[in-house]
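Here is a short briefing to read alongside the sequence and the 3D view. Take a moment to turn the model around, then follow the topics below.

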Amino acid sequence: MYCDYRNPALASPGMDETDQLRTRVRALIRSLPGAQREFAAAIGLDETKLSKALNGTRRFSPHELVRVAEYSGVTVNWLLNGSDDASTVTAVPAPAARPESDPAHHTQSESRRRILETAWELIAERGYHRVRISDIAKACGTSTAAIHYHFPSKTEVLNEALRRNVKLAFDRQVAELHAVPGAHDRLLKLVELQLPAAGLLRAEWSVWLQVWNEVALDPALRSLYTDSYDRWHQTIRMTIRTGQEQGVFRVADPEAATGQLTALIDGLGIQVLTGRPGSTVATMRAHLHDFIERSIVKGA
């Protein structure tokens with residue numbers, strides 16, 4: 001049975017932000033099956049470190065916040081600010097671009113979460129058209145009927161993989177940027193969080209590449225893609241506008257600069273992923289920093 005972990009009474013106005021965060025995580029742990037040590041293992045955190053974070057003798061790292069949110073089916077924005085839709089340092093995903101969940105508890109069932117994570121990893125590693133529903137079932141140790149129960153079609157698997165990409169990026173950005181007040185540092189951090197480095201970020205890029213291909217061929221997918229991509233575009237734009245307000249960016253047209261920067265990130269990222277000679281994460285970073293300095297900071 002789930003406790004009502006989204007009850008506003010869980011965090012009173014007298015609590016500071018870190019107290020509220022700890023209260024919400026404790027409520028999540030109580031709402032999920034298993035003991036605290038099992039929760040710690042599920043998010044890849046030593047139980048002693050989790051206990052210290054819950055009693056206030058250490059802070060949750062950004063990575064830990066993302067893992068708590070991912071495993072629990074909530075957002076980092078809710079963990080930090082008490083609402084999925086709270087105003088924060090990054091644009092909030094549109095409802096259509098959010099992962100489907102149990103409407104009563106705003107969580108995903110354990111089986112659905114495990115299936116989606118497995119499918120997402122297989123698509124990132126092998127490619128959408130080389131992954132069959134039977135492959136997902138085999139990797140999960142379940143039946144194809146169980147996969148179809150949660151995802152009626154293979155297209156829905158790709159749609160949810162895209163929504164998972166959006167949530168992972170949103171959670172990571174809120175976790176990393178909420179304590180970065182300066183817009184210049186925040187924009188550079190956004191770039192760093194978008195580089196296709198080995199591991200999770202490269203896998204996210206792989207899924208995006210396959211979504212782009214499918215959207216180009218199937219107009220029916222474009223609405224979800226637009227909702228998903230707009231969140232990233234809005235995040236860059238609001239960061240640039242904040243930089244204007246802080247007096248650190250001299251760019252005249254934030255909308256145009258946003259379009260140029262996001263296009264540059266996309267193009268350079270594709271070059272890195274496709275192995276273009278001389279294209280590396282390091283060269284991509286250097287090109288983006290140069291553009292930001294010349295076109296946004298100095299307002300060329």
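Glu192 and Arg285 join their side chains in a salt bridge, with N and O 2.7 Å apart. This pair links distant parts of the chain, as Glu192 sits in helix α10 (residues 183-194) and Arg285 in helix α14 (residues 281-297), 93 residues apart. Keep in mind that you are looking at a predicted model.

**Salt bridges**

- The structure holds 17 salt bridges, and the pair of Glu192 and Arg285 is one of them.
- Glu192 is partly exposed, at a relative accessible area of 30%, and Arg285 is partly exposed too, at 26%.
- Another salt bridge joins Arg172 to Glu204, where the closest N and O atoms are 2.7 Å apart.
- That pair also connects distant parts of the chain: Arg172 belongs to helix α9 (residues 154-177) and Glu204 to helix α11 (residues 200-217), 32 residues apart.
- Are Arg172 and Glu204 buried or exposed? Arg172 has a relative accessible area of 11%, so Arg172 counts as buried, and Glu204 is buried as well because its relative accessibility is 5%.
- Arg163 and Glu156 meet through their side chains at 3.6 Å, N to O, in a further salt bridge, and both residues are buried.
- Salt bridges can also join up into a network, as you can see with Glu70, Arg113, Glu117 and Arg164.

**Helix α13**

- Helix α13 covers residues 254-273, which is 20 residues. From its first C-alpha to its last, α13 reaches 28 Å, close to the 28 Å expected at 1.5 Å a residue.
- At the start of α13, look for Asp253: one of its side-chain oxygens comes to within 3.2 Å of the backbone nitrogen of Glu255.
- The buried residues of α13 include Ala257, Thr258, Leu261, Thr262, Ile265, Leu268, Gly269 and Val272.
- To make sense of such a list, remember that an α-helix has 3.6 residues a turn, so residues three or four places apart point the same way.
- Which helices do the buried residues of α13 pack against? They pack against α10, α11, α12 (222-246) and α14.
- After α13 comes Gly275, which has a positive phi, near 75°.

**A domain from the record**

- UniProt lists residues 36-79 as "domain: HTH cro/C1-type", in an unreviewed entry.
- In the model, this span is 70% helix and 0% strand, and the C-alpha atoms at the ends of residues 36-79 are 17 Å apart.

Notes
Residues numbered from 1 in each chain as written. Predicted model: local features only at pLDDT ≥ 70, side-chain atom pairs only at ≥ 80, totals over all residues. Heavy atoms only, no water. Salt bridge = Lys/Arg side-chain N within 4 Å of Asp/Glu carboxyl O. Buried < 20%, exposed > 50% of the residue type's maximum accessible area, 1.4 Å probe, protein only. Helix = DSSP H or I, 4+ residues; strand = E, 2+ residues; numbered from the N terminus. UniProt positions renumbered as here; feature names shortened; annotations may be inferred. Expected span 1.5 Å × (residues − 1). Contact = heavy atoms within 4.5 Å. Polar contact = N/O pair within 3.5 Å; in protein donor to acceptor, adjacent residues only side chain to side chain.
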